[in-house]
Amino acid sequence: MKNDSILPLTRVITAVVVLFLVAAFGILFFLPDRTGELFAWAIKPHMSSMYFGSAYLGGAWILAQTAFGKRWHRVQAVFPAVTVFTIAMLVATLLHWDRFSLGTIPFMAWLILYIISPFLIPALWIYNRRTDSNLPEESDLNVSTTARLVTRIFGTLVLVFVLLGFIFPNLLIPIWPWTLSPLTARVLCGWLSVIGTGAWAISLDPRWTAWRAILEGIFIAYSLIFVAAAMNPADFSTGIFNWYTALMGIMLIAIFVFYVSMESRRRKAR
């Protein structure tokens, strides 16, 4: 069955996950003062809460295209990235158990989600990937070898940074531009792993249509993170303009220019 379809079971499960992600975005981004009662643990400062909320919305955008989209290959790269992320969340939960709002409904939802997801997400990926014919769509484009290599190198650097930061959060905390605890440092590394793993996953596929959803999700998430930074300048120990926001800005500009260029070429090819 090489028709590139998204199977019904994959659609249903990802639609349910999208509901959780959108709810998490609403709480973390708009109600950061109430995370202790409405989320799995109290997150401080506001910048950390809104960062995580922004990332959840970016993930919801990609998974919504899995629930309601037409072609599997357009979204399949998100599944390895989400798998790594959910493993990181489960490990962080076990390492910092005492920091969570134990016994509350939000914590139980968090715990159940991150116990099941590290097994469910890769199982769905294996289940649905048999539909991928590995053929390009009509009027599709091939991403250049250079762009794929640069993306893979970038993903590798991010994953090395993430691994060190997750294992040794005390190395990350002093250099980060806003205050992190060991728990929020590890959760942040989990979200950064989505970029690194996602970059690796799309770099292995030359079809431009296999890149679009991942780039859109990252662009949405990190554009919102800039909004969060503008709303919380006091949370930054070195000011809102720092090495991290500079790198984010460069990444967003690169994604925007590359995306517009590829879409323009694709329209001309039609």
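Predicted model: local features only at pLDDT ≥ 70, side-chain atom pairs only at ≥ 80, totals over all residues.

**Overall fold and aromatic pairs**

For its 270 residues, a compact globule would have a radius of gyration near 18 Å, and the protein agrees with that, because its own value is 18 Å. Along the principal axes, the C-alpha atoms fill a box of roughly 50 × 40 × 30 Å.

The protein contains 10 helices and 0 strands. Of the 270 residues, 53% are buried. When we take contacts between residues at least 6 apart in sequence, 79% of them join residues at least 24 apart. The accessible surface comes to about 12,700 Å², and carbon and sulfur atoms account for 72% of it. As for charge, there are 20 positive and 12 negative side chains, with the centres of the two sets 6 Å apart.

I turn now to the aromatic residues. How many aromatic pairs does a search of the whole structure find? The search finds 28. In one of them, the ring centres of Phe85 and Tyr114 lie 5.9 Å apart with the planes at 80°, so this pair is edge-to-face. Phe85 belongs to helix H4 and Tyr114 to helix H5, 29 residues apart, and the pair thus links distant parts of the chain. Phe85 is buried, at 4% relative accessibility, and Tyr114 is buried at 4% as well.

A further pair, Phe100 with Trp110, is tilted, with 5.9 Å from centre to centre and 40° between the planes. Phe100 sits in the loop between H4 and H5, and Trp110 in helix H5, so the pair ties together parts 10 residues apart in sequence. Phe100 is buried at 6% relative accessibility, and Trp110 at 5%.

Finally, one aromatic cluster includes Phe85, Phe100, Trp110 and Tyr114, and among its other members are Phe39 and Trp191.

Definitions and conventions:
Residues numbered from 1 in each chain as written. Heavy atoms only, no water. Helix = DSSP H or I, 4+ residues; strand = E, 2+ residues; numbered from the N terminus. Rg over C-alpha atoms; globule rule 2.2 N^0.38 Å. Buried < 20%, exposed > 50% of the residue type's maximum accessible area, 1.4 Å probe, protein only. Contact = heavy atoms within 4.5 Å. Areas by Shrake-Rupley, 256 points an atom, 1.4 Å probe, with all protein chains shown as cover. Lys, Arg positive; Asp, Glu negative; His and termini not counted. Charge placed at Lys NZ, Arg CZ, Asp CG, Glu CD. Phe/Tyr/Trp six-rings, centres within 6.5 Å; stacked < 30°, edge-to-face > 60°.
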